[in-house]
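Here are my notes on some ring contacts, written as numbered points. Have the model open while you read.

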Amino acid sequence: MGCASSKPTGETVQLQFETKQQDGNYRTGKGAAVPADEALTRLKKGNERYVASKTPSATLQSRRKALSDDGQLPMAALLSCADSRCPVESIFDVAAGDVFVCRNAGNTIAQAEGSVVASMEYCMQNLQTQLLVVMGQQNAAQSTLLKNGNERYVASKTPSATLQSRRKALSDDGQLPMAALLSCADSRCPVESIFDVAAGDVFVCRNAGNTIAQAEGSVVASMEYCMQNLQTQLLVVMGHTKCGAINGAVASIPAADAAEPKLDASVLENYLVALTPAAKQAKAELPSAPDGEVVERAIRINVQNTMSKILEVSGPLREMVQAGKIKVEGAIYDITTGKVEFIGGPPSVQAAVPALVRTAKSDYVPGPKALATLKAGNASYASGQAPAATQKSRIQALASDGQLPMAAVLGCADSRCPVELMFNVAPGDIFVCRNAGNAIAKAEGNIVASMEYCMAAPQVPAFVRTAKSDYVPGPKALATLKAGNASYASGQAPAATQKSRIQALASDGQLPMAAVLGCADSRCPVELMFNVAPGDIFVCRNAGNAIAKAEGNIVASMEYCMAHLKTKLLVVLGHTKCGALNGALASIPAADAAPKADASALEQYLVALTPAAKQAKAELPHAPDPEVAELAIRINVKNTMRSIVQISEPLRKQWQSGDLLIEGAIYDITTGRVEFIGGPEKTGIFEPTERSNSETNPCCSW
């Protein structure tokens, strides 16, 4: 018995894999078995027709009668996902009798599974089928996985613990994140938790306002590194409701319009002025609306502006988008509901969305109406009406916006019972599970679990830290982070995020106990490694956890957190085996040479990181590169702390007065443990007389 598996690639289900026999020559129990290679070829050809939006043939009454009289002899058996966007018979352009199909959520075999394995045994042993295909979804490794993870977060599902074996594998083999995200530093927006992902899954940059400020370097450079070096194909820019940075930008419109800029403006004040284009556009569109409504509109505009800005300033990313190698998506996280809404890509590259496609953006369909739709669809199928072709725009819309099926169906795996075809529905309309006998066997798990997933409603909530809570002193916050990291490193699973926490943070605001500047590396999930909940820590992230030349948004974000949110602890967090510092070591010759006129953002950023690399090389002139890199990682953390207090007068004064605790730390990606290495030295910290001096070379060495 032959056996093969296949995995789709590309934005559609590009198995590029048929099987339609001529009318009057139907595949029935009287025919001959189809060899596995021939069956696979037919599936590929059928998928090519589906991808090309060819109109499928109607299922004739004569075919149904022949299958009823003579029985089935399917050429292939498939285990596929119950996802409504994956209608198996349509994807392979096959007819009733051609394929034997089992479906459940995740196309998987759960513990103590019975029905799927039993169904496949029946098909191979009794129906002479020689090809078995297990079919997943490529998009499930990108935006769909993020959406599914967010659904679990909203439903308050308990996340899994991060196992030591995962950390060791990531440490030994490196990262290959499925997505890169630019998100807000707001403590109510813990990216890994929101998408229920683990260490190694997402590469994250964070700053206040999830934006690209004027002369921005680190975020664009980080994204270039991720897409070019880590083969990531999805870049998401995610804003969130009730964003403090955008609220500040709306309030700063008069300052932005002032004839003369303030000479003594803080980094934060300058940064908010840079955010005002979105605020101004929102105000122009809603001139009479209250500020809260203007802010929510500006949040969306800012996400769109940031996507456009990234492609404007980065030639490499722009070329990759135009070539179809990567996808850029905007998203808005609702801090009240916990849901993430994907809003499409930048206007210049956004694909047109079809008018009549059922996606997660559609309205829910009441049960009676869904039932009436299925009945009408079956009437047209039984009358011999041909189904409509599946347009590429429908597939793209479902991939980007997610599914919202009107019905769930548990049907038989029998090849004569093509569920989507018999109800004449399109991809996205119904969620389908199938096994032999459409039954729930003893110890059956995946069918019931699949249906629970499809119907699931959010769970009940619990307690939270909000702006109504007491401030947390720096030493107490540090002790909390240390205790949280100890539980993470021991393999303890984090608690589920309850809806009540999300709602409380949305209504009452945030009061994070600590602010963390960490690396964008996907192996360094900041909230997870400290085992904290939404609202606990304010997080900025970029490649290398550094303050690069002309860097503004990181310092501005920290000033906002300390001044407006009264946070008393600032942690600069590096990590072992840092790719950015390895790149900086390799860039030492480039840093010493004349600057390249056409240098990319990443090349410029790596040169800006070289002071730490050079110092490490000077201290360990004969050591191997990995040893030099590990020292450079520590030096870089110290340099970053020093740069923060040199650039920002408000933060420097808070730190010198003892009101703010600044700590450096190193996360070991192999063990999961965080080592705290102390704060910046107070000797040698100068107070710049002119801001331009500090901005010229903020990345100082010791």
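1. Phenylalanine 676 has a relative accessible area of 18%, so it is buried (buried means under 20% relative accessible area, exposed over 50%, partly exposed in between, with a 1.4 Å probe and protein chains only). Phenylalanine 530 is buried too, at 0% relative accessibility.

2. Keep in mind that this is a predicted model: local features need pLDDT of at least 70, side-chain atom pairs count only at pLDDT 80 or more, and totals for chains, interfaces and linings use all residues. Residues are numbered from 1 along each chain as its sequence is written, and side-chain values use heavy atoms, leaving out hydrogens and water.

3. How many aromatic pairs does a search of the whole structure find? It turns up four. Rings of Phe, Tyr and Trp (its six-membered ring) pair if their centres lie within 6.5 Å; planes under 30 degrees apart count as stacked, over 60 as edge-to-face and the rest as tilted.

4. One of the pairs is phenylalanine 530 with phenylalanine 676, tilted, at 6.5 Å centre to centre with 35 degrees between the planes. The two residues sit 146 residues apart, and their pair links distant parts of the chain.

5. Next, look at phenylalanine 538 and tyrosine 560: their ring centres are 6.2 Å apart and their planes are at 40 degrees, so this pair is tilted. Both residues are buried.

6. Now for charges over rings (NZ of Lys or CZ of Arg within 6 Å of the ring centre and within 35 degrees of the ring normal). Lysine 147 lies over the face of phenylalanine 342, 4.9 Å from the ring centre. Arginine 167 lies over the face of tyrosine 488, at 5.0 Å from the ring centre.

How values were computed
Helix = DSSP H or I, 4+ residues; strand = E, 2+ residues; numbered from the N terminus.
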